[in-house]
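Thanks for coming. I will walk through one model this morning, with the sequence and the structure on the screen.

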Amino acid sequence: MTVFDVRHYDRLGSTNDEARRLADAGAPHGTAVHADEQSSGRGRLSRRWFSPPGNLYLSIVLRLDLPPARNVELGFLAALAVADAVDALLPRQVRATLKWPNDVLVRGGKIAGILTEQAGEAMILGIGLNVLHAPAGVPYQVSTIVGCGGLATVDGTREKLLAALASWIDVWRQDGFAPIRTAWLVRAHPPGSTLGVRLADRFVTGQFVGIDTDGALLLDTPQGRGRIVAGDVRLEAAVPVGG
Ligand code: BT5
């Protein structure tokens, strides 16, 4: 079982940067960096992550000895852990859902962001989870635990999240990506849902088929079945077409 050693800071530029610094200095598996706020929290592709006090900003050093091609699996595992933690804090009738690749949604709004980065032999798993505050001016819906009727403190949320993460890491170590993939699919938009995907050079729309054994998105488009390894996904219609 992974044991986490949490280092708590009032304020950092980015918890991922501090975790990377610690990893480079030899910090062991399970070292976790928690900041109350970030002055330059970041998302994928150098996008900004809104990081005022009142939300969770956490980065974890993981040493899992995986071949680099399998690092992508970590994002799916983390999304499941976030969804479990969020569900435990929300009223029973409100549940977290997942959107490819690593988005966690509650009531249709993005409640968390996951950023995995390699640091030498280690992986840095960065998670931002909205407990109290959602940013304004974001081009899609966002949500928070408290705004969705949940009862949570930031430290309590961190503990729930780390416990969920430890158990999913156990599952993964024991049985690999297959059970992660299955559990992820149960919580995701159903097959047939219409997704719009922004790729580096174009935008495609198609019907969600599932995810491949390596986590790639499988999408049926007018041009045939596509396998997508990186992109931003918008859920256009969650109801299966014709179903
Ligand atoms: C992500 O990027 O979703 C990954 C975010 C990871 C943040 C954590 S916080 C702890 C650790 N330290 C860091 O510096 N980062 C990690 P992406 O899919 O690129 O989404 C980024 C986009 O989400 C932005 O361009 C905004 O539109 C939107 N956004 C920014 N802040 C948000 C927030 N608090 N809640 C919801 N959406 C947000």
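I start with H189, which sits in the loop between α4 and β8 (194–198). Helices here are DSSP runs of H or I with at least four residues, strands are runs of E with at least two, and both are numbered from the N terminus. Before going on, the sources: this is a predicted model, in which local features need pLDDT of at least 70, side-chain atom pairs count only at pLDDT 80 or more, and totals for chains, interfaces and linings use all residues. Residues are numbered from 1 along each chain as its sequence is written, and side-chain values use heavy atoms, with hydrogens and water left out.

Is H189 buried or exposed? H189 has 5% relative accessibility, so it counts as buried. The cut-offs are under 20% relative accessible area for buried and over 50% for exposed, with partly exposed in between, using a 1.4 Å probe and protein chains only. Leaving out residues up to four places away in sequence, H189 touches L98, K99, W100, W184, L195, F208 and L235; contact means heavy atoms within 4.5 Å. With W100 there is also a polar contact: a polar side-chain atom of H189 is 3.4 Å from the backbone nitrogen of W100. A polar contact is a pair of N or O atoms within 3.5 Å; within protein, one must be able to donate a hydrogen and the other to accept it, and residues adjacent in sequence count only if both atoms are side-chain atoms.

A pair of aromatic rings is described by the distance of the centres and the angle of the planes. Rings of Phe, Tyr and Trp (its six-membered ring) pair if their centres lie within 6.5 Å; planes under 30 degrees apart are stacked, over 60 edge-to-face, and the rest tilted. By this rule there are 2 aromatic pairs. Why is the pair of F76 and F177 edge-to-face? Their planes are at 65°, with the centres 5.7 Å apart, so the pair falls in that class. F76 is in helix α2 (residues 73–89) and F177 in helix α4 (residues 177–187), 101 residues apart. F76 and W184 are also edge-to-face, at 5.5 Å centre to centre and 80° between the planes. W184 lies in helix α4 and F76 in helix α2, so this pair ties together parts 108 residues apart in sequence. F76, F177 and W184 form one cluster. F76 is buried at 1% relative accessibility, and F177 is buried at 6%.

Now the ligand. Which of the 27 residues around the ligand come nearest? They are S14, R42, R47, K110 and Y140; a residue belongs here if one of its heavy atoms lies within 4 Å. Ligand oxygen atoms are 2.7 Å from a side-chain N or O atom of S14 and 2.6 Å from a polar side-chain atom of Y140. A ligand nitrogen is 2.9 Å from a polar backbone atom of F50. Taken alone, the ligand exposes 800 Å², and the protein buries 94% of that (Shrake-Rupley method, 1.4 Å probe). The elements giving two or more residues to the shell are α1 (15–24), β3 (56–62), β6 (109–119) and β7 (122–129). The largest share, 4 residues, comes from β6.
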